[in-house]
Amino acid sequence: MLDGNETTALLGLFPFLAGAEPPALAQLRARGRRVALPPDHGVCAEGTACTHLPMVLAGTARVYKLGESGREITLYRIDAGQSCVLTASCILSGRRFPAFARSETAVEAVLVPAPALLEWFGTDSAWRTYLVGLVADRLADVISIVEEVAFRRMDHRVGEHLLRAGDDAGTVRLTHQQVAHDLGTSREVVTRILSDFEARGLVALGRGRIELRDRAGLAAVAGAA
């Protein structure tokens, strides 16, 4: 059961709930359960049944696929105010989770039981619109990843990833392995590309961080045909 503070936080981060039917909101308070997870904690494994939908209040979790070789590729991340489209899809379809999920930081979330979600999907237009929109938005993200993997050179993808991940000061706080996981390649490939970027004056490499020295140059690499 959710207390007043947890309910307020949920309503603030998920505005669609303001349009939900009063019975659904009352059930959410009664049946929702808050959880707290430490960083680098396994959330869900491939093939497991989805019994709850997580609605993230704080922190970040990563959803990824794991190949037979042990190589990973990030499908998407879930931040505060977001939920997991694969979990929602599995609950609605009765299928098992097709990927892995792990917390990247400490995560706080409210878990919504699958039976309640199925009930609200059939009776509450606010929930139905939210879930359909969630699937549509994330499907576009996953299709974009497929296109990236299939049609773009890895050095172009690494350059674009660095530009997206860099903070205002031009610092990317990622290891070579983390970049490899995000892009679905090996650490050795990422290290070779980053070393080339450094030799060209585009970046400066440090331990657990990459400094962007020439954003325009990286943008030219990322946008190269």
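Two strands pair if DSSP finds at least two bridges between them. With that in hand, here is a set of close-ups from this predicted model.

**View 1. Strand β1 meets strand β7.** The two strands, β1 and β7 (residues 107–113), are paired in the antiparallel sense, with five bridges joining them. A handy place to start looking is Leu-37, which stands opposite Val-107 in β7.

**View 2. The hairpin of β4 and β5.** Here strand β4 (residues 61–66) and β5 run in antiparallel pairing over six bridges. Within this pairing, Arg-62 stands opposite Arg-77 in β5. The hairpin has five residues between its strands, and Gly-70 takes a positive phi near 95 degrees. How many of the seven residues of β5 are buried? Six are, so β5 is largely enclosed by the rest of the structure.

**View 3. Val-63 and the largest nonpolar core.** This core has 43 residues, and Val-63 is listed with Leu-10, Leu-17, Phe-97 and Trp-127 as those with the most contacts inside it. Elements giving two or more residues to the core include α2 (22–31), β5 (72–78), α3 (85–93), α4 (114–123) and α5 (125–151). Around Val-63 itself, leaving aside neighbours within four places in sequence, the contacts include Thr-74, Leu-75, Tyr-76 and Ile-78. Also in contact with Val-63 are Cys-84, Leu-86, Phe-97, Ala-99, Phe-100 and Ala-101. Another core, of 17 residues, lies apart from this one, and Val-172, Val-179, Val-190 and Val-203 are among its members. As general background, nonpolar side chains tend to be buried together in soluble globular proteins.

**View 4. Helix α6 against helix α8.** What angle do the axes of α6 (residues 154–165) and α8 (residues 187–199) make where they come within 10 Å? They cross at roughly 75 degrees, which means that α6 is roughly perpendicular to α8. On the α6 side, the residues that meet α8 are Met-154, Asp-155, Val-158, Gly-159 and Leu-162. Their partners in α8 are Val-189, Ile-193, Leu-194 and Phe-197. Sorted by class, the contact has seven nonpolar residues, one polar and one charged.

**View 5. Glu-6 in helix α1.** Look for Glu-6 in α1 (residues 4–13). Is this residue buried or exposed? Glu-6 has a relative accessibility of 16% and therefore counts as buried, the cut-off being under 20%. Once neighbours within four places in sequence are set aside, Glu-6 is in contact with Met-1 and Arg-34.

View 6. With a relative accessible area of 56%, Asp-40 is exposed, because exposed means over 50%. Apart from neighbours within four places in sequence, Asp-40 is in contact with Arg-102, Ser-103 and Glu-104. For a sense of scale, the C-alpha atoms of Asp-40 and Leu-131 are separated by 27 Å, and the two residues are 91 residues apart along the chain.

Notes
Residues numbered from 1 in each chain as written. Predicted model: local features only at pLDDT ≥ 70, side-chain atom pairs only at ≥ 80, totals over all residues. Heavy atoms only, no water. Axes fitted to C-alpha atoms, helices over the stretch in contact; angles between N-to-C directions. Helix = DSSP H or I, 4+ residues; strand = E, 2+ residues; numbered from the N terminus. Parallel < 35°, antiparallel > 145°, perpendicular 65-115°, else oblique. Contact = heavy atoms within 4.5 Å. Nonpolar A, V, L, I, M, F, W, Y, C, P; charged D, E, K, R; others polar. Buried < 20%, exposed > 50% of the residue type's maximum accessible area, 1.4 Å probe, protein only. Core = buried A, V, L, I, M, F, W, Y, C linked by side-chain atoms within 4.5 Å.
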